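Morning, everyone. Please bring up the structure, and we will walk through it together.

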Amino acid sequence: MATETAVFAAVVAFLISAVVSQTPPMAYTNHTVGGPAGWFFNATKNISATNYSSWAASQTFNLGDFLIFRTNTNQTVIQTSNLTTFKSCSIDDASDNDTFQYNGGDSDFNKPLTIPVALIISGSNYYFSDADDGVQCQRGMAFEIQVNTGLGLPPSLNQPPPPPYATPPDSDLAQTPPLMIPETKENSGFKTAANLRRYFFFIAVVPPLLLLL
């Protein structure tokens, strides 16, 4: 009897955990990468500020969530879906379609940065810093996450990109050419806007009035 009770309790506990794990999130979440440690590299000790893989393993990520990189310009933020690029700790051979660099190309060292990265691709996403010729990545500044569907992308992140900017036509060419009226005895050449109004008035209004006389 005791054995049956223990088995029944174990089955109930398993079912409860399965239901909880499949419960969709109630809201989108901002994840501060590395927690209090942020996204930093300790150059003195030649190691990352924290274990980012362990931090990532403790989180649940869903579409529409944000990774918040609290960092400075001594590090970079590389996002890729290419495992080969991730393992190489370099973007030298990366494709524009699967890898993106977020550090903005700022060359000033120790300049504080806060970089929000939206999670818009489900499945495996990889992040690393390729600063110091990839040494930061090799020494711990790299992590992998699995992005679940969750609530799906919010409308703000699920819009098509804006159309490419088009240079407006030359202003001289874009102007509408003036309306041309054939020469008459009363007026030769082109009509001005004021003359055109008088011209059309006499053409459209005066003849019907004469018929009423």
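Start at I78, in strand β6, which covers residues 78-80. Keep in mind that this is a predicted model. Is I78 buried or exposed? I78 is buried, because its relative accessible area is 0%, and buried means under 20%.

What does I78 touch, leaving aside its neighbours within four places in sequence? The list is I91, T99, F100, Q101, Y126, Y127, F128 and D130. Now look along the chain to A142. I78 and A142 are 64 residues apart in sequence. In space, their C-alpha atoms are 9.2 Å apart.

Move on to Q79. Q79 also sits in strand β6. Its relative accessibility is 11%, so Q79 counts as buried. Beyond the neighbours within four places in sequence, Q79 is in contact with D98, T99, F100, Y102, V117, N125, Y126 and Y127. Take D98 from that list. Q79 and D98 are 19 residues apart along the chain, with 8.2 Å between their C-alpha atoms.

Now the charges. Which residues form a negative surface patch? They are D92, D93, D132 and D133. Let us take two of them.

D92 lies in the loop between α3 (83-88) and β7 (99-101). D92 counts as exposed because its relative accessibility is 67%, and the cut-off for exposed is over 50%.

D132 is in another place: the loop between β9 (123-128) and α4 (135-138). At 47% relative accessibility, D132 counts as partly exposed. Check its backbone too. D132 is not a glycine, yet it has a positive phi of about 60°.

N46 has a positive phi as well, about 55°, and N46 is not a glycine either. Where is N46 found? Look in the loop between β2 (41-42) and β3 (47-48). N46 has a relative accessible area of 34%, so it is partly exposed.

Last, the whole chain. How many helices and strands does the chain have? There are 7 helices and 10 strands. Of the 213 residues, 27% are buried. The accessible surface comes to about 14600 Å². Carbon and sulfur atoms hold 60% of that surface.

One more number, on contacts.

Methods: Residues are numbered from 1 along each chain as its sequence is written. This is a predicted model: local features need pLDDT of at least 70, side-chain atom pairs count only at pLDDT 80 or more; totals for chains, interfaces and linings use all residues. Side-chain values use heavy atoms; hydrogens and water are left out. Patches are made of residues with over 30% relative accessible area and no salt bridge: like charges are joined within 9 Å, nonpolar side chains (Val, Leu, Ile, Met, Phe, Trp, Tyr) within 5 Å. Accessible areas come from the Shrake-Rupley method with a 1.4 Å probe; for residues, only the protein chains shown count as cover. A salt bridge is a side-chain nitrogen of Lys or Arg within 4 Å of a carboxyl oxygen of Asp or Glu. Lys and Arg count as positive and Asp and Glu as negative; His and the chain ends are not counted. The place of a charge is taken as NZ of Lys, CZ of Arg, CG of Asp or CD of Glu. Helices (H or I, at least four residues) and strands (E, at least two) are DSSP runs, numbered from the N terminus. Buried means under 20% relative accessible area, exposed over 50%, partly exposed in between (1.4 Å probe, protein chains only). Contact means heavy atoms within 4.5 Å.
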